[in-house]
Amino acid sequence: MDSMLAIFLRIVACGMLIGFSASYYGAFVVQRGMSFLGNGLAHAAFGGVALGILLGQEPLYVALPFTVLAALGINWLREHTKLAADSVIGLFFALSMALGIIFLSRVPTYSQDAMTYLFGSLLSVGVTELWISAALAVLTVATFPLWPRWAYSTFDRESARIDGQRIRREDYLLSVLIAVNVVVAAKLVGIVLLSAFLVIPAAAARLVSASFAMMTTLSVGIGVFSVAAGFAISYQADLPSGACVVLTQILLFALMFALNKGGIKWPREI
Amino acid sequence: MLKVESLTVRFGKLTALDNVSFALQGGEFLAVVGPNGSGKSTLLKCLLGLQRIDSGSISLLGHSPEDLPSSRIGYVPQVKTLDRSFPASSCELVVSGLRRRWPWRIPPAEHERAEAALRQVGIGHLSHRALSALSGGELQRVYLARALAREPEVLVLDEPATGIDATAEQDMYDILDRVNREMGVTIIMVTHDWLAARHHCSHALLLKNVLIASGPSLPALNDANMALAFGHAGHDHAHGHSHSHPHESGQPEQPDG
Ligand SMILES: Nc1ncnc2c1ncn2[C@@H]1O[C@H](COP(=O)(O)OP(=O)(O)OP(=O)(O)O)[C@@H](O)[C@H]1O
Ligand SMILES: [Mg+2]
């Protein structure tokens, strides 16, 4: 049997891996003004989880394709209408929630799984979750060579297109990766608080960064650290894990805000 | 250099460009002039491969827009479309033009090249300034430096005078004149400002969805053609202008396109 410490370390490792991926994509999400996407996809994941429960399958394996489809749908509808991103995301958000509620209403017994996904649960983290988050982190590292392209099109889509970038393909890839990230993270921190993982570390990093490279680095640093610190607090004080991590992130955000007001920016040559 | 043949672009029922043909030789300074909605930006987008073409053909530097040789082209977008909230310095922006990708870090040699380009447009001292801390005119120049750093054969600008004051505008035209005359760079500039076009550009293209005139700028932008393109407003301002106040005298009243 695993010792308590071994279980705790597994949870922390899993959380830090997820925090790493989420805060990396977060830099692009925040700078592209897509913060709402994380929220929308988290709720799409809820629809997928509910469908999984209804079908008697492992929710994660149903939620994954479900959320990826929602991400593709959001991109597709944006491309084929002139609607603003938040309107399109809002539509898929509502659709997934409505479906999720209907699916759950057809489940004869009360499901603990649904609560797990809504609010996150450390106890739900097993060896499988650890492997999945490790795979996600490896996938994220594998996209590092794309950083100069993603950063370029984040800054100026038109210039990136002129310089031969396939913007549309990039958009799809990025939102699929974010969707996968969201689903994997949902079990740990819960759908309700999930978008914080994508948004707060990057937003905090933005406050003190003078370059996008620095913003990306700091975002990842804040993302990983706040998971470790948040989980330690949650473990010590016996408080919900997701909430502790998010509060840690917000504390760091406040710190960055103070540094920003103190005129601090990195790199300092400005 | 540039050859456009029977270019037609439609948006649903609306025909933005109708059978437009013209050619441009290397070293010319072309103004693309026309009222709002006349298809100027659409033409530019076609040249840069950003806009699907319904019929006709374009050859720029011997290539079709699908395989645009972008390293040989400098593009200066409209200042108002730029994202100022992006964390970046002037230098990084210029380097992005050199690399055609966003830089993670900048080695000294590249930094030096970027600063040289910034000096060329008179803002070497702004190299480390954050984009969010630049004025509109300064940002315009950073973009110009970015385009020039590529040592382009063709420079493409969309409404470069929008949103900058008369002095900054004069400075910008001085730079463009120099780049065109001394370095032999071909320039294609979209503008409302036909007075500036007459003054600075060797050639002009007058558009109102159809091509009204093209060729050397003074005959192409003569009063009769201007009246055709802009209606009576072109006439009102055709005489007695002074170029130092282009926005007081040079912007004909337009109904919404
Ligand atoms: N993506 C689009 N979808 C539909 N119609 C478009 C689109 N882009 C341009 N148009 C239409 O095509 C016409 C030409 O537009 P364009 O932007 O080329 O004009 P312009 O000459 O640049 O005008 P302005 O001086 O106002 O910038 C306009 O009537 C415009 O409404
Ligand atoms: Mg235009």
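# A tour of chain B

Start by selecting Ala204(B) and Gly215(B): Ala204(B) stands opposite Gly215(B), which lies in strand S9(B). The model is a predicted one, so every stop on this tour describes a prediction.

**Stop 1: the hairpin**

Together S8(B) and S9(B) make a hairpin with one residue between them. Click on Asn209(B), in the turn: its phi is positive, at about 70 degrees.

**Stop 2**

To see one facing pair, select Val33(B) and Leu206(B); the latter belongs to S8(B).

**Stop 3: ligand 1**

Select ligand 1 and the 13 residues around it. Which of them come nearest? They are Asn36(B), Gly37(B), Lys40(B), Ser41(B) and Thr42(B).

Next, show the side chains of three of these residues and look at their N or O atoms:

- Asn36(B): a side-chain N or O atom is 2.8 Å from an oxygen atom of ligand 1.
- Ser41(B): the distance from such an atom to an oxygen of the ligand is 2.8 Å.
- Thr42(B): here the distance to a ligand oxygen is 2.5 Å.

Taken on its own, ligand 1 has 630 Å² of accessible area, and the protein covers 65% of this. Two elements give two or more residues each to the shell: strand S2(B), residues 14–24, and helix H1(B), residues 40–47. The largest share, three residues, comes from H1(B). Colour the shell by residue type to find four nonpolar, seven polar and two charged residues.

**Stop 4: helix H8(B)**

Move on to helix H8(B), residues 223–230, and select Asn225(B), Met226(B), Ala229(B) and Phe230(B), which are buried. Look down the helix axis: the buried residues of H8(B) fall within an arc of 110 degrees, so they line one face. Then select Ala224(B) and Leu228(B). Are they buried or exposed? Both are exposed, on the face of H8(B) turned away from its buried side.

Finish at Gly231(B), which follows H8(B) and has a positive phi, near 75 degrees.

How values were computed:
Residues are numbered from 1 along each chain as its sequence is written. Chains are lettered from A and ligands numbered from 1 in the order in which they are written. This is a predicted model: local features need pLDDT of at least 70, side-chain atom pairs count only at pLDDT 80 or more; totals for chains, interfaces and linings use all residues. Side-chain values use heavy atoms; hydrogens and water are left out. Two strands pair if DSSP finds at least two bridges between them. Helices (H or I, at least four residues) and strands (E, at least two) are DSSP runs, numbered from the N terminus. A residue is near a molecule or strand if one of its heavy atoms lies within 4 Å of it. A polar contact is a pair of N or O atoms within 3.5 Å; within protein, one must be able to donate a hydrogen and the other to accept it, and residues adjacent in sequence count only if both atoms are side-chain atoms. Accessible areas come from the Shrake-Rupley method with a 1.4 Å probe; for residues, only the protein chains shown count as cover. Ala, Val, Leu, Ile, Met, Phe, Trp, Tyr, Cys and Pro count as nonpolar, Asp, Glu, Lys and Arg as charged, and the others, Gly among them, as polar. Buried means under 20% relative accessible area, exposed over 50%, partly exposed in between (1.4 Å probe, protein chains only). The arc is that of the directions from the helix axis to the C-beta atoms.
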